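User: I am new to this structure and would like to learn how to read it. Please take me through it feature by feature.

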Amino acid sequence: MLPDRQVKVGVLGATGTVGQRFISLLANHPFFVVAALGASERSAGKPYAKAVNWKQTVPIPSAVRELVVQPCKPEHFQDCTVVFSGLDADAAGDIEAAFRAAELIVFSNAKNYRRDPHVPLIVPLVNPSHLSIIPQQRALHSPPLKKGFIVTNANCSTTGVVIPLAAMEKAFGPIESCIITTMQAISGAGYPGVASLDIVDNVVPYISGEEEKIEWETLKILGGITETDDGKKAFDMHARHPLRLSASCNRVPVIDGHTECVSVRFARRPPPSPQQVREALAAYTSDALSLGCPSAPRHTIFVHEEPDRPQPRLDRDYQNGAGVSVGRVRQCRVLDIKFVVLSNNVCIGAATSSIINAEIAIARGVIQV
Ligand SMILES: NC(=O)c1ccc[n+]([C@@H]2O[C@H](COP(=O)([O-])OP(=O)(O)OC[C@H]3O[C@@H](n4cnc5c(N)ncnc54)[C@H](OP(=O)(O)O)[C@@H]3O)[C@@H](O)[C@H]2O)c1
């Protein structure tokens, strides 16, 4: 059940690229209300409007302008039912652990806990069922927790690609090979990000750690959860149908919106036709939508017929940045099918995912409000 009253939330890393997106998205949320903001010692103690270098196209919401930024310590967030984290990975590990230990509920964008065997890595339009690991995460914490837990969302490029892959696996069964080439926006590196002299008039064919993240995270997200005889749950990493992935990541001079060229081979023979794949993608719906989550996109995947779409400038705001756009679905002469997917890295690739994950956790009663 979704609440009919306000639910107080906090934002860690509130001054950063992802943090600012949280602030903009939460300003119009039907039940989440921002009650506390946290950032580094550089920002703490200042009113938000003075601490932040605001880079959004909408003004700073009036409700947070004068809110004083706090150090990222649990005692300043005790009133918050949910804490969203857009913290830099260098800081996120210790801070998020301290928040969980203080019985706070953290939805994180950082990479630190994505590989933790008891922390779900959830792309809300794909695998919200992985929330079922939460009781185990609480029970195995030392000391065991009653309320606190961490949920992470995926790397922004992983998020864009797993949504169409999940739709294809749902319709046609396991994918066994996948080759991905990304063209990633500058905002994916935070602010100020890549130096202008490195990225204008240029393509940088390397993003540290990114290829490994896509290749590993996809398996955790698309895989299931197994249960041993003693009731212990584990992520199966797609092991029942081994999936081989190869990613090549590039930074391109685009502000927002990651474009990815993807080729897949299905286990099933003969494979589906491009038209069958287009229909399956367009028909894909999420549990988040059926649960009534207010931030879930009405349509998860828009399938373009035009030969020159999707494009970041034209398509990154599809469904307020919560949906993804796919185009150029066609036969691959090496694998089976190839296509292009575009996702908004700061929305569904980051803040929007955390917000929908929290909405799902509330709708499913994982969080009591
Ligand atoms: N950008 C994207 O598209 C994207 C997508 C998915 C995931 N992510 C992940 O999301 C996280 C945030 O990314 P971003 O792009 O928003 O980074 P960013 O613009 O560099 O912002 C980092 C935030 O962390 C805060 N911070 C840094 N050191 C801190 C410390 N020691 N203690 C407390 N707060 C500290 C900063 O506060 P100050 O302003 O006070 O320094 C700022 O609010 C990263 O883990 C990133 O990998 C980013």
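User: By class, which residues make up the shell around the ligand?

Analyst: The shell has 13 nonpolar, 14 polar and three charged residues. Here Ala, Val, Leu, Ile, Met, Phe, Trp, Tyr, Cys and Pro count as nonpolar, Asp, Glu, Lys and Arg as charged, and the others, Gly among them, as polar. Note that this is a predicted model: local features need pLDDT of at least 70, side-chain atom pairs count only at pLDDT 80 or more, and totals for chains, interfaces and linings use all residues. Residues are numbered from 1 along each chain as its sequence is written.

User: Which residues come nearest to the ligand?

Analyst: A residue is near a molecule if its C-beta atom, placed from the backbone, lies within 6 Å of it. Of the 30 residues around the ligand, G16, S40, S43, A91 and G190 come nearest. Two or more shell residues come from each of α1 (17-27), α4 (89-101) and α12 (347-363). These names refer to DSSP runs, numbered from the N terminus: helices are H or I with at least four residues, strands are E with at least two.

User: How is the chain divided into domains, and why does the ligand lie between them?

Analyst: Domain bounds come from an automatic or database domain assignment. The protein chain is split into domain 1 (7-154 + 351-363) and domain 2 (156-344). Both domains give residues to the shell around the ligand, so it lies between them. The domain centres, taken over C-alpha atoms, are separated by 24 Å.

User: How many residues of the two domains are in contact?

Analyst: Two residues are in contact if their C-beta atoms, placed from the backbone, lie within 7 Å. On that basis, 28 residues of domain 1 touch 28 residues of domain 2. On the domain 1 side, α12 gives the most, with seven residues. That side has 14 nonpolar, 10 polar and four charged residues.

User: How do I read a sheet?

Analyst: Strands of a sheet pair through backbone hydrogen bonds, either parallel or antiparallel. Two strands count as paired if DSSP finds at least two bridges between them. In this model six strands form an open sheet in the order β3-β2-β1-β4-β5-β6, with parallel pairing. The edge strands, β3 (70-71) and β6 (149-152), each pair on one side only. Within the sheet, β1 (residues 7-12) and β4 (residues 82-85) pair over four bridges, and L12 stands opposite S85 in β4.

User: In what sense do β13 and β14 run?

Analyst: They run antiparallel, joined by five bridges. The two form a hairpin with five residues between them, and R330 has K338 in β14 as its bridge partner. By contrast, β12 (residues 301-303) and β13 (residues 324-331) pair in the parallel sense over three bridges, with F302 opposite S325.

User: What are the two faces of β10?

Analyst: In a regular strand the side chains alternate between the two faces of the sheet. In β10, L245 and A247 make up the covered face, while R244, S246 and S248 make up the uncovered one. This strand pairs with β7 in the parallel sense over five bridges, and R244 is the bridge partner of S177.

User: Which residues of helix α8 are buried?

Analyst: A residue is buried if 20 or more other C-beta atoms lie within 10 Å of its own, exposed if 12 or fewer, and partly exposed in between, with C-beta atoms placed from the backbone. In α8 the buried residues are E210, K213, I214, E217, T218, K220, I221 and L222. Their cover includes α6 (156-172), β7 (175-183), β9 (233-235) and β10 (244-248).
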